[in-house]
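Welcome, and thanks for taking a look at this one with us. Please have the structure open as you read the short briefing below.

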Amino acid sequence: MAHRRIPLAALRVGMHVTKIDRRWFWSPLLFHSFLVRTVEQIDSLRRHGVKEVEIDPSRGRDVDVIEKPGTEDGARGWTSDTRFPASPSQEIPVPSLHALSQDLSLAREARRRLEQSIHSIFSDISTTGLVEPEEARKIILDMRAVTQSIALPAWFMALSQDRADDPLLSQHAMATCGLSMVLAHAAGLDLPALQSVATGALLHDIGLLQLPTYLRRRCHETSAPLSRQEQMLYQSHARVSAVALERQGLFSPSICQLVADHHALLDNTGFPQETQGAFTSDMTRIVMVTDRYDELLRGFGGASPLTPHQALQRLYQEGQAGKYECRYIASFIKLLGIYPVYSCVQLNTGERAVVTVTNSHRLHQPVVTITHDADGAPYPVALTIDLANQDDRAPARSIAALIENGPSVLDQPVVPDWRNQPQNTAHQK
């Protein structure tokens, strides 16, 4: 099906945009081909002056074409006073595994580009001890563009995968910054606060760059306990980070305070000891959650790296123990899902599936795409079902276990362009 050019007023959630009428550096988006998943994406385009977009109806929802006499294509006859029918209430199309793999490829490319910029600024900090505010601002703007244009599940997965050895901590800074920006937006923080959160998250560990290399490696790669002197030196990094920013005089007090307090746990078991967790700001508490989540993913302190599902479980337990703000953990889990998109799971039927959409109101019952039968043989055509809305006549399916280190969506032997809405019917063996 040919691409269709429509006014922004006709753009709806579920449509796949392939082009906008603004050059990339004048728009809020890093990529101009994306599935519209939220109303906020449309609002962002409107605020940045976008008037028209092209959509690909074969990859997303179409729009009812209103033709004007004398035109070959109704799209060419649309004017500012053309009336469009109200959008019917319908679910966002469930992406195929092929679409998910495309989203993941875009997210990985976005991560690669951001990682280069962050690695460069951290290399300069390591050498000079100084932060270039303009460079940090550019990274925050790029990060914001990515979080607005890339599917969040793909972005979360890209941030958690393939974590190579990174002596400059730039990968951790990128993940904490990206996750904090998403969580701050979900929490309803205004734009200035969101930018402060992102900046603080990006720079929260720069004090570690002033520690001896051997100590940084010991903190990240071995479970052997640090000596008392080494422990005190490590714990000084939060204060060292904040002092470095304060001395430059180019960062707001709220950012400096966030950096200083990001290890001050709410039960006062964190550090520095003189910091009271009860007096930390909401911005700080957001970064505390995302920083801890990424630590769990990468196996900080020599611990075994956890899967996203396991990391969320641990984070929830630590929140219940009073260490972190529970409402931000709850919001974070709702964003990712108890079983995040791309998770490989085994069902109670023995079948294997990939989580393709989370159910925000029933986090234990996501939409899954079943790829293999109970004997491990691939289905000729994959089946997508909503675990929260199943046909009573079919065997009830539920998630029995997470398949750790399961095959990537890219490796699933399914028909590449197969598309499906959630079904409440099932294959019968």
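Which residue forms a salt bridge with R4? In this predicted model, the partner of R4 is D62, with the closest N and O atoms 3.2 Å apart. D62 sits in the loop between β4 and α2 (97-128) while R4 belongs to strand β1, so their contact ties together parts that are 58 residues apart in sequence.

**The sheet**
- Four strands make up an open, antiparallel sheet, ordered β1-β4-β2-β3.
- β1 (4-7) and β3 (34-35) are the edge strands, each with a single partner, so one side of each has no neighbour in the sheet.
- Four bridges join β1 to β4 (residues 52-55) in the antiparallel sense, and I6 stands opposite V53 of β4.

**Around R4 and D62**
- R4 is buried, with a relative accessible area of 15%, because the cut-off for buried is under 20%.
- D62 is partly exposed at 30% relative accessibility.

**Other salt bridges**
- The whole structure holds 17 salt bridges.
- R137 and E134 meet in one of them, at 2.8 Å from N to O.
- These two residues are three apart in helix α3 (residues 133-149), which means about one helical turn separates R137 from E134.
- R137 is partly exposed at 42%, and E134 is partly exposed at 32%.
- D267 and K323 form another salt bridge, at 3.4 Å from N to O.
- That pair links distant parts of the chain, 56 residues apart: D267 is in the loop between α10 (253-261) and α11 (282-298), and K323 is in the loop between α12 (308-320) and α13 (326-336).
- A network of salt bridges links D282, R285, E325 and R327.

Technical notes. Residues are numbered from 1 along each chain as its sequence is written. This is a predicted model: local features need pLDDT of at least 70, side-chain atom pairs count only at pLDDT 80 or more; totals for chains, interfaces and linings use all residues. Side-chain values use heavy atoms; hydrogens and water are left out. Two strands pair if DSSP finds at least two bridges between them. A salt bridge is a side-chain nitrogen of Lys or Arg within 4 Å of a carboxyl oxygen of Asp or Glu. Buried means under 20% relative accessible area, exposed over 50%, partly exposed in between (1.4 Å probe, protein chains only).
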